[in-house]
Amino acid sequence: MRRYLPVARQHCVAALGGTSVVVKAVSGAVLLLYALSFALDTAYGLAVTPGFLFLPRCWLWTLLTHGLVERRAAGVALSLGTVVAAGRLLEPRWGALELLVFFAVVNASVGLLGAAAYFLTYAATFHVAYLFDVHIHGGLGFLAGVLVALKQTMGDSTVLRVPQVRMKAVPVLLLLLLAALRLATVIESTALASYSFGLLSSWVYLRFYQRHSRGRGDMSDHFAFATFFPEILQPAVGLVANLVHTLLVKVRLCRKTVKRYDVGAPSSITISLPGTDPQDAERRRQLALKALNERLKRVEDQAAWPNMEDEEEEVVVKSEGPQLPEASVAGKAAGHESSLITFEDAPSQP
């Protein structure tokens, strides 16, 4: 084990090199709490325990600290990889402050929703274990949030070629994998709950509340809730999602989609939705153009090339045939030349 420590340290230093203070601070906190877990029960005081989160205890700080608590080396590696990936792929678009806000919002939502779910389970079953023996912690909630953000920004990117898997399908595929592992009792229920609530809370935040240069949220069609599901299920899911959204708008938890019409633009009418990013639109245009070029190239490669031998035989047959057209052309040319008036033989005047 000791001989692998220098190699692991080298990889960590290389991964964190060039990242912001936010990424380094979060990564350092994960490593520090994992080291302390060998001497202290960090999950008891820093993870979300449903019975301690609400009254009379109100351990509200656990909503922000539970995402940093890991008790296994695999969990530490997953958390560090998630934070570094967010720093590499999301921080250049959002900035370090927005990445920190996203981390805090997702973790707090995961802790609050998870505690509420276990509290409702206790109310239905009256098992006290759901209140005090359950500890929600780990980086799976933030992993779900990062995958949702990558679906928003680079959903058309290919993750696997065989079988072909695009980035927009990864969040739901991982959710199905975790559900299967939970049914096989390989993972705990808190892992599935953390990932599920991280998926939901991150989408809600990015869809309706994230602030950016063009306003707030992302109301584009490619980021609708139905796009997380297979195409055959999208109409039914879209209908249910629209009903829920209409209900939330009526109770003023969500805002209504607003379209802006700019009749003073150079074109006739310009329609813009709040949350749409010109860079994303340009990226989608480039991907569509690339796909079109590849399709045209395949069609050109499949087209049959003309037979050169047949063309040569055709030319030979034409050359051996009568030359009547050439003679007629020559006659016409001679007649045309004889009809011209020239002054070369005219007598010179005295």
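**Entry 1: the loop between H4 and H5**

I started with Cys58, which lies in the loop between H4 and H5. I kept in mind that this is a predicted model. I looked up the backbone angle of Cys58 and found a positive phi of about 60°, although Cys58 is not a glycine. I noted the general rule beside it: most residues other than glycine have a negative phi, and most peptide bonds are trans.

I checked the peptide bond that runs from Leu55 to Pro56. That bond is cis, and its omega is near 5°.

I went looking for another positive phi. Phe126 has one, near 60°, and Phe126 is a residue other than glycine. I found Phe126 in the loop between helix H8 (96-125) and H9. Is Phe126 buried or exposed? Its relative accessibility is 63%, and exposed means over 50%, so Phe126 counts as exposed.

**Entry 2: the loop between H9 and H10**

I moved on to Val134. This residue sits in the loop between helix H9 (129-132) and H10. I read a relative accessibility of 11% for Val134. Buried means under 20%, so Val134 counts as buried. Then I looked up its distance to Val48. Val134 and Val48 are 86 residues apart in sequence, yet their C-alpha atoms are 8.1 Å apart in space.

**Entry 3: strand S2**

I turned to Arg166, in strand S2 (residues 165-166). Its relative accessible area is 32%, so I listed Arg166 as partly exposed. I also checked Arg166 against Gly155. The two are 11 residues apart in sequence and 6.7 Å apart from C-alpha to C-alpha.

**Entry 4: a nonpolar patch**

I searched the surface next. Which residues make the nonpolar patch of about 280 Å²? I found Leu32, Leu36 and Leu40. Leu32 has a relative accessible area of 53%, so it counts as exposed.

**Entry 5: the largest pocket**

I finished with the largest pocket, which holds about 610 Å³ of space. I counted 20 residues in its lining. The closest to the centre of the pocket are Glu70, Arg72, Gly75, Leu140 and Ala191. I then asked which elements give two or more residues to the lining. They are helix H6 (73-89), helix H10 (140-154), helix H11 (170-183) and helix H12 (189-209). H6 gives the largest share, 4 residues. Last, I sorted the lining by class. I wrote down 9 nonpolar, 7 polar and 4 charged residues.

Conventions: Residues numbered from 1 in each chain as written. Predicted model: local features only at pLDDT ≥ 70, side-chain atom pairs only at ≥ 80, totals over all residues. Heavy atoms only, no water. 1 Å grid on protein atoms, 1.4 Å probe; cavity = no way out; pocket = protein on both sides within 12 Å on 5 of 7 lines; lining within 4 Å. Points joined across faces, edges and corners; volume = space filled by probe spheres on them. Nonpolar A, V, L, I, M, F, W, Y, C, P; charged D, E, K, R; others polar. Patch = residues over 30% accessible without salt bridge, like charges linked within 9 Å, V, L, I, M, F, W, Y side chains within 5 Å. Areas by Shrake-Rupley, 256 points an atom, 1.4 Å probe, with all protein chains shown as cover. Salt bridge = Lys/Arg side-chain N within 4 Å of Asp/Glu carboxyl O. Buried < 20%, exposed > 50% of the residue type's maximum accessible area, 1.4 Å probe, protein only.
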